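Please look at the sequence and the model below before reading on. The paragraphs after it go through the structure part by part.

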Amino acid sequence: MISNLLKTAAFATALTVSTFLIAQAQTTMKLATATINDVQHEWIKVFADELAERAPGAVTTEIYPASQLGAIPRMSEGVLLGTIEAFTTPTSFMSNVDPRFQAFDVPGLFTSPEDVHAALHDPEYRDHLETMFLEKGLRVIGAIYNSPTVLFTMEDAKTLEDVKGLKIRTFASPLQIKPMEQLGAIPLPLALSEVIPQLQSGGLDGMLVGVPILTAFKYYDVGKYILDLHFAEVVSVTVVNEDWFQMQSEDTKAAIIAAGRAAEEAVYPWGVENVDRSYATWTENGGVITQLPPEEQAQMEEGFAALASELLEGQPEVKAEYERLHALVEASKAQ
C-alpha cells in the first residue's frame with residue numbers, strides 16, 4: 001500500500017516537474033534574422049523591450065541577428081517547424097511558403113516609404129495581414145518598411161545594357177527573378193550568408209539588395225558600385241509559429257501583438273533615416289551610386305509593369321492581395 005502511494009506520489013511529482021519544464025520552455029522566444037544593424041534588427045530589439053514592459057517575466061526573448069540560427073531557408077523552416085519562434089525577413093523569402101507574399105514585391109506598387117507605411121498600417125489591412133497565413137501555421141506580428149531595392153555590382157554598371165549577362169543574386173521571389181531575366185541578367189536566388197564568398201570567387205557579379213545591408217556588412221570593402229533602379233521597396237515581416245503562439249496565455253498573446261505593433265511605429269522613422277545614412281555611408285567609403293538615364297528608367301518600369309501584370313494574371317490570390325494593397329496606396333496619395 002505504502003509502495004503504491006509512493007509510486008503515485010513520485011509519478012505526480014514527475015508529471016508536475018515535466019509540465020513545469022514544458023511551460024518554461026514555451027516562454028522562450030527566439031527572434032531570428034539574417035541581417036544586423038538594420039531596421040529588421042532594430043525592430044527585434046524594440047519588440048523585445050516592448051514585450052518585457054507589457055508582460056514582465058512572461059517571455060524570455062533571445063535575439064539572433066546575422067544568420068546565427070542558420071541561412072535564410074533554414075530559419076524559414078525553423079519557424080514553420082517551431083524550432084524558432086519568430087523570424088524577421090523580407091516578404092520575398094517567404095513566397096515559397098505562401099505565394100501571397102509576392103504581392104508586396106510587385107514592381108511599382110510602392111514607390112516611397114510613405115506608400116509602404118500607409119498600406120501596411122491601415123487598421124483594417126493590418127488586422128488582415130496578421131492572420132492571413134494562419135493556415136500555413138504562421139502569424140504576422142510585425143510589418144515594416146525596409147528599404148529601396150538597388151543593384152550592387154562588382155563592375156560599374158551604368159545602363160541596362162551593362163546589366164545583361166551579369167549573374168545577380170535575387171530574393172527567392174518570381175517578382176525579383178523574372179525582372180532580372182527580362183533585363184538579360186542571370187538571377188540566382190541565394191541566402192545572404194552565401195553572397196560575399198560567391199562575389200569574391202566570381203560565382204556572382206552582383207545582387208539585388210536594400211542599401212542598408214550593403215553598409216551594415218561593409219560591402220564597400222568587396223565592391224564599389226550601386227545602380228539605383230527605383231523599381232520596388234522592400235517590405236519585411238516578422239512571422240511567429242502559430243502553435244507556439246497559441247500555447248501562451250491570453251494576456252501574453254495580447255502583449256505580443258501589442259508589442260509588435262508598437263515596435264512597427266517606433267522603428268518606421270528610424271528605418272527611413274537609416275536608408276539616408278546608408279547612402280551617405282556608402283559614398284563616404286568610396287562607393288559609387290549611379291542612376292539610370294531617364295529614358296532607360298521609363299523603359300525598364302514599363303517592361304516590369306507588363307511582366308508583373310502577366311505574372312499576376314496566373315495567380316488570382318496574389319493578384320487579389322496586390323489589388324488590395326494598390327487601392328490603399330492610391331487612397332493615401334489622394335488625401
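The model is predicted, so local features need pLDDT of at least 70 and side-chain atom pairs count only at pLDDT 80 or more, while totals for chains, interfaces and linings use all residues. Residues are numbered from 1 along each chain as its sequence is written, and side-chain values use heavy atoms, with hydrogens and water left out.

Start with the interior. A nonpolar core is a set of buried Ala, Val, Leu, Ile, Met, Phe, Trp, Tyr and Cys residues joined through side-chain atoms within 4.5 Å. Buried means under 20% relative accessible area, exposed means over 50%, and partly exposed lies in between (1.4 Å probe, protein chains only). The largest such core here has 60 residues, and L129, L214, Y219 and V239 have the most contacts inside it. Its largest share, 6 residues, is supplied by strand 4 (residues 138-153). Helices (H or I, at least four residues) and strands (E, at least two) are DSSP runs, numbered from the N terminus. A second, separate core has 21 residues, among them A86, I141, F245 and A259.

Y219 shows what such a position looks like in detail. Contact means heavy atoms within 4.5 Å. Not counting residues up to four places away in sequence, Y219 touches F152, L192, V195, I196, L199, M207, I213, L214 and W282. Y219 also belongs to an aromatic cluster with F152, Y220 and W282.

Next, take helix 4 (residues 113-120), where P113, D115, V116, A119 and L120 are buried. Why do the buried residues line one face of the helix? Seen down the axis, they fall within an arc of 165°, the arc being that of the directions from the helix axis to the C-beta atoms. The cover over these residues includes helix 5 (123-131), strand 4, strand 9 (233-241), helix 11 (250-284) and helix 13 (316-334). Helix 11 also holds S278, which is buried at a relative accessible area of 2%. Leaving aside neighbours within four places in sequence, S278 is in contact with V211, P212 and T215.

Now the strands. Two strands pair if DSSP finds at least two bridges between them. Strand 5 (residues 167-170) runs parallel to strand 6 (residues 186-189), with 4 bridges joining them, and T170 stands opposite P189. With helix 7 (residues 174-182) these two strands make a right-handed β-α-β unit; right-handed means that, with the strands pointing away from the viewer, the path from the first strand over the helix to the second runs clockwise. Strand 5 also pairs in the parallel sense with strand 7 (residues 206-210) over 2 bridges, where I168 stands opposite G206.

The whole structure has 7 aromatic pairs. Rings of Phe, Tyr and Trp (its six-membered ring) pair if their centres lie within 6.5 Å; planes under 30 degrees apart count as stacked, over 60 as edge-to-face and the rest as tilted. The rings of W43 and F47 have centres 4.9 Å apart and planes at 10°, so this pair is stacked. W43 and F47 are 4 residues apart in helix 2 (residues 39-54), about one helical turn. W43 is buried at 0% relative accessible area, and F47 is buried at 0% as well.

Last, D243 lies in helix 10 (residues 242-246) and is exposed, at 57% relative accessibility. D243 and R139 are 104 residues apart in sequence, and their C-alpha atoms are 9.5 Å apart in space.
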